[in-house]
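Please read the model below alongside the text that follows.

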Amino acid sequence: MNFLVLLAIVLLIIAGHQLLKIIELSRSLKKTKEWQVSDSDNDFMGKTMLVFMVFFFAFFFWQVNRWIDRSLPPAASEQGVKIDALWDANMYLITFVFLVTNFVLFFFAYKYRGNSKREAVYYPHNNKLEMLWTVVPAVALAFIIIFGLKYWNEIMTPAEEADRVTIELYAKQFDWTARYAGKDGKLGETDFRQISGSNSVGMDTSDVAGFDDILVKNEFHIPVGREIEFHMRSRDVIHSAYMPHFRAQMNCVPGMVTFFKFKPTKTTAEMRKDPYVIQLMEGINKQREKEGKEPVEFDYVLLCNKICGASHYNMQMNIVVDTEAGYKTWLAKQKVVKKVAKK
Ligand SMILES: [Cu+2]
């Protein structure tokens, strides 16, 4: 098989070479050189530009239509809705500019295609044009940056105390640990020198604030409608805490604590009833069935979004968004650190 492919490639190269020879011969018969471009060549190229433009735009719209049903479900956090609005505004703007500039690019290539009877106009400078294409993009970019900064500040402001749930996400190769602040609402201090088998996140065992902290693996719960503050740490390399359904992502950097907050608006149960999510899961489960795998239900996830090593792909944790009551019941069942330390 490999030999046949190789043979086909070699034959193709020989055929191409022969074709070029024929073209050269016909050129010498017509008494022109291969670098001389005739009006009919230009005419053909100009029209081909137009044809290409039509296919190019058709392909673009086909792609948008083909893949749009694979995008993320509607944002499940207050901040996510705003980020989506900013994203959409960006995409509409980019699409508009893309269509206009590409139309102009191909249409002008056609309209001003080479012609031996036409001469190019010498047009060195125009202040008004310079002004126009400086000011318009500047205004558009200022709009995007101002809204971006506004939302960024909202995400980075500490949560209201009455409403706050404080969770630390501790990343290491290759898993996550979620640490809840416990009853005092305060995360205990940490000290990397105290990392050991029983103290895998390196808590400072002398800090009283850490005694009521709760460590959770594999899955963590958050209550709907409250502000969740996340503090991110990493033990080894840079990881990235990515919660796509809430439109949240932040690097976890060794030696420092990073931060963001969001307010979840839909519980896991509510999200499973969302028509778009149902359709998305049907598609996923149809594919799983083909591969002989069990069907799965929708779950929020925390993923690592930084290529951090060999098992990076598997570095994830399920997130359950609960009602307030469900969250409290779940939290009450989790072990607090001090009891673990006493063992
Ligand atoms: Cu990672």
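Of the contacts in the chain with a separation of 6 or more, 68% are between residues 24 or more positions apart. The structure is a predicted model, with a mean pLDDT of 90 over the chain and 98% of residues at 70 or more. The pLDDT falls below 50 over residues 339–343, and this stretch has two contacts in the model beyond near neighbours in sequence.

The chain holds eight helices and 10 strands. Its radius of gyration is 30 Å, whereas the globule rule gives 20 Å for 343 residues, so the chain is more spread out than a compact globule. The C-alpha trace spans about 95 × 65 × 45 Å along its principal axes. Of the 343 residues, 20% count as buried. The chain is divided into domain 1, residues 1–36, and domain 2, residues 165–342. Taken over C-alpha atoms, the centres of domain 1 and domain 2 are separated by 61 Å.

Helix 2 covers residues 39–67, and its 29 residues reach 42 Å from the first C-alpha to the last, close to the 42 Å expected at 1.5 Å a residue. How many residues of helix 2 are buried? The number is zero out of 29, so helix 2 lies largely in the open.

Helix 3, residues 78–111, has 34 residues and reaches 50 Å between its first and last C-alpha atoms, close to the 50 Å expected at 1.5 Å a residue. Buried residues in helix 3 are Gln79, Gly80 and Phe106. The cover over the buried residues of helix 3 includes helix 2, helix 4 (127–156) and strand 8 (258–262).

Helix 6 runs over residues 275–290; at 1.5 Å a residue its 16 residues should span 22 Å, and the 23 Å between its end C-alpha atoms agrees with this. Helix 6 is hardly covered, with a count of one buried residue among its 16. Just after helix 6, Gly292 takes a positive phi of about 70°.

The next topic is the core. The largest nonpolar core has 40 residues, and those with the most contacts inside it are Leu169, Trp176, Ala241 and Ile319. Strand 1, residues 164–172, gives the most to this core, with five residues. Which residues are in contact with Ala241, leaving aside its neighbours within four places in sequence? They are Leu169, Ala171, Phe230, Met232, Gln249, Met250, Cys252 and Leu302.

Asn251 lies in strand 7, which covers residues 248–252. Asn251 has 16 other C-beta atoms within 10 Å and is therefore partly exposed, the limits being 20 or more for buried and 12 or fewer for exposed. Leaving aside neighbours within four places in sequence, Asn251 is in contact with Ile238, Ser240, Thr258 and Lys306. Asn251 and Gln334 are 83 residues apart in sequence, and their C-alpha atoms are 27 Å apart in space.

Some backbone details remain. Most residues other than glycine have a negative phi, and most peptide bonds are trans. Against that background, the peptide bond from Gln173 to Phe174 is cis, with omega near -5°. Phe174 sits in the loop between strand 1 and strand 2 (175–180).

Asn218 has a phi near 70°, a positive value in a residue other than glycine. Its place is in the loop between strand 3 (214–216) and strand 4 (219–223). Is Asn218 buried or exposed? Asn218 counts as exposed, because it has 11 C-beta neighbours inside 10 Å.

Arg247 also has a positive phi, about 55°, although it is not a glycine. Arg247 lies in the loop between strand 6 (239–243) and strand 7. Arg247 has 22 C-beta neighbours inside 10 Å, so it counts as buried.

Terms used: Residues are numbered from 1 along each chain as its sequence is written. This is a predicted model: local features need pLDDT of at least 70, side-chain atom pairs count only at pLDDT 80 or more; totals for chains, interfaces and linings use all residues. Domain bounds come from an automatic or database domain assignment. Helices (H or I, at least four residues) and strands (E, at least two) are DSSP runs, numbered from the N terminus. The expected span of a helix is 1.5 Å times one less than its number of residues. A nonpolar core is a set of buried Ala, Val, Leu, Ile, Met, Phe, Trp, Tyr and Cys residues joined through C-beta atoms within 7 Å. Two residues are in contact if their C-beta atoms, placed from the backbone, lie within 7 Å. pLDDT is the predictor's confidence in each residue, from 0 to 100. The radius of gyration is taken over C-alpha atoms; the globule rule is 2.2 Å times the number of residues to the power 0.38.
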